[in-house]
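User: I am new to this structure and would like a close look at a single part of it, the sheet and what surrounds it. Please take me through it slowly and then place it in its wider setting.

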Amino acid sequence: MASGSNSLMWFRKGLRIHDNPALEYAARGSELVYPLFVIDPRYMEPDPTAFSPGSKRAGLNRIRFLLESLVDLDFNLRKIGSRLLVLKGDPADVLIRCLKEWRINKLCFEFDTEPYYQALDIKVKNYTSAAGIEIFSPVSHTLFNPADIIQKNGGRPPLSYQSFVKLAGEPSWASSPVSNAPIWLPPVGSIGNYPNSEVPSIKELGYEDRAEDERSPFKGGESEALRRLRESISNKEWVSNFEKPKGDPSAFLKPATTVLSPYLKFGCLSSRYFYQCLQEVQRSVKKHTSPPVSLLGQLLWRDFFYTVAFGTPNFDRMKENRICKQIPWKNDDELLYAWRDARTGFPWIDAIMVQLEKWGWIHHLARHCVACFLTRGDLLVHWEKGRDVFERLLIDSDWAINNANWLWLSCSSFFYQYNRIYSPISFGKKYDPNGNYIKHFLPILKDMPKEYIYEPWTAPPSVQVKAKCIIGKDYPKPVVAHDLASKECKQILYEAYELNKRLNGNVSEEDLTSLRRKLEEDKRQESKPKRLKQTFIG
């Protein structure tokens, strides 16, 4: 690249300066580099009609996490002679205007597999190709290029973790250390007609800020991501013994995982750098766990889900999704809202949903419990509805991983043992017999004796009075009887699986409607009082 050229580094995810191939390439041979982030109204515009503070698609916790990450990125860029420019508007329109006004010769950005960004990239590439602007868009958000894995598998993504790992092998870049942060960047040129290009505050975006104790305890940014990583890997014994799905979902003062997922989601932490750090730990110990349960295995799960999501049309819905079982889910908003708003009457489920709303993060086993409860375990509500709630509230909400997990936990894809159900009563009790987690997130139950904390509706009236918590008044009665509801769910899943098998997956809306009718009729017949046969003794 001839000297005198201008580059634009377009940040979307990848909010870091370590292991950032797009940023390195933007700096190479350039006189000026413009690091840019565009505030997309689609994700950031306040939505007063949403069920919790935030935009249409993101809750306030995630928006704050993103802004903190941008402030930190700006701070880190300033240390190496640059700064972050933040503009607002439709990303494609803003970008094209900047490419023209700043006379850009080279546009660099990290490749993104999400359908939204794929569509955006086509728009941008159509302009750059006509304008003769060079584009560099490397794969650095994942360990592998999903397109390469799909090609190796004959044009379709592998549908099991084992087949993915076998196909993927070792990442091609893993033999040499990933690059550290650049020591210096070319300066930012004049930005012309953009007077305000600083990172906005929550209030400047139009939001009311929450009190400190209502906020997520996890702070965004590359600096915090690297601090957390150092803290996690310094405990070599913990890293080498890590075994998912083990871990305590009720541990909240010190969560039983790394809590690095939001940093990986926004690319504040490079998954490739994390991978190399974990390998170093493994080389330094005699014995360690292995994929799929090890920490390294978790990074491979992430890539597996990215690959399947990238190679599966309509991955984020049941209809016209070739890997998704067609199931006659209920369209019951009352049950959905009871679950979403922590009013199911099952303290373990409700406490998890309160933590999700307040912190924007819950342990993976807690996610399993509430997702199973909403779908195939108890309420039979459509997994897409639960997915939408998680997508909004989680700070680590990631399009590929969130959809994959809901497909898995609803037994719609990947995992089909629908008889294995997380009990909303006994599962939490196993980890936290005293109910400390419940008492923290549901203070209304803080005086309920431990023998009733998971099933407060069974407490005698005198105990409820003493605990200052009357069930049905101060705290809701259960929305379903778990034993009956889970039995009914298993029957419906069984019938749906049989229908999918019989029709080879080509299940229409009419087929699902017929199945619903049949199941309702069966239920009516079952609930009819049985006539007693008269017995005569001769």
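Analyst: The part to begin with is an open sheet of five strands, which has the order 3-2-1-4-5 and parallel pairing; here two strands pair if DSSP finds at least two bridges between them, and strands (E, at least two residues) and helices (H or I, at least four) are DSSP runs numbered from the N terminus. At the edges stand strand 3 (85–88) and strand 5 (134–136), each of which pairs on one side only. Neighbouring strands of this sheet are turned by 25 degrees against each other on average, direction ignored.

Before going further, note that this is a predicted model, in which local features need pLDDT of at least 70 and side-chain atom pairs count only at pLDDT 80 or more, while totals for chains, interfaces and linings use all residues. Residues are numbered from 1 along each chain as its sequence is written, and side-chain values use heavy atoms, with hydrogens and water left out.

Within the sheet, strand 1 (residues 5–11) pairs with strand 2 (residues 30–39) in the parallel sense over seven bridges, and Asn6 stands opposite Leu32 in strand 2. Helix 3 (residues 60–79) packs on the sheet, where it touches strand 1 and strand 2, and its direction makes about 165 degrees with that of strand 2; contact means heavy atoms within 4.5 Å, and angles run from 0 to 180 degrees between N-to-C directions, with axes being lines fitted to C-alpha atoms, for helices over the stretch in contact. Helix 5 (residues 115–131) lies across strand 1, strand 4 (106–108) and strand 5, running at about 170 degrees to strand 1.

Tyr116 has Arg42 over its face, at 4.0 Å from the ring centre; a charge sits over a ring if NZ of Lys or CZ of Arg is within 6 Å of the ring centre and within 35 degrees of the ring normal. Another such case is Arg272, whose charged end sits over the ring of Trp173, 5.3 Å from its centre.

In the model, the span of residues 5–143 is 42% helix and 19% strand, and its end C-alpha atoms lie 31 Å apart.

Elsewhere, helix 15 (residues 364–377) and helix 21 (residues 482–502) pack at an angle of about 60 degrees, with their axes 10 Å apart. Thr375, Arg376 and Gly377 of helix 15 make this contact with Ala485, Ser486, Cys489 and Leu493 of helix 21. Two details of the backbone complete the view: the peptide bond from Pro291 to Pro292 is cis, with omega near 10 degrees, and Pro292 is found in the loop between helix 11 (271–283) and helix 12 (295–311).
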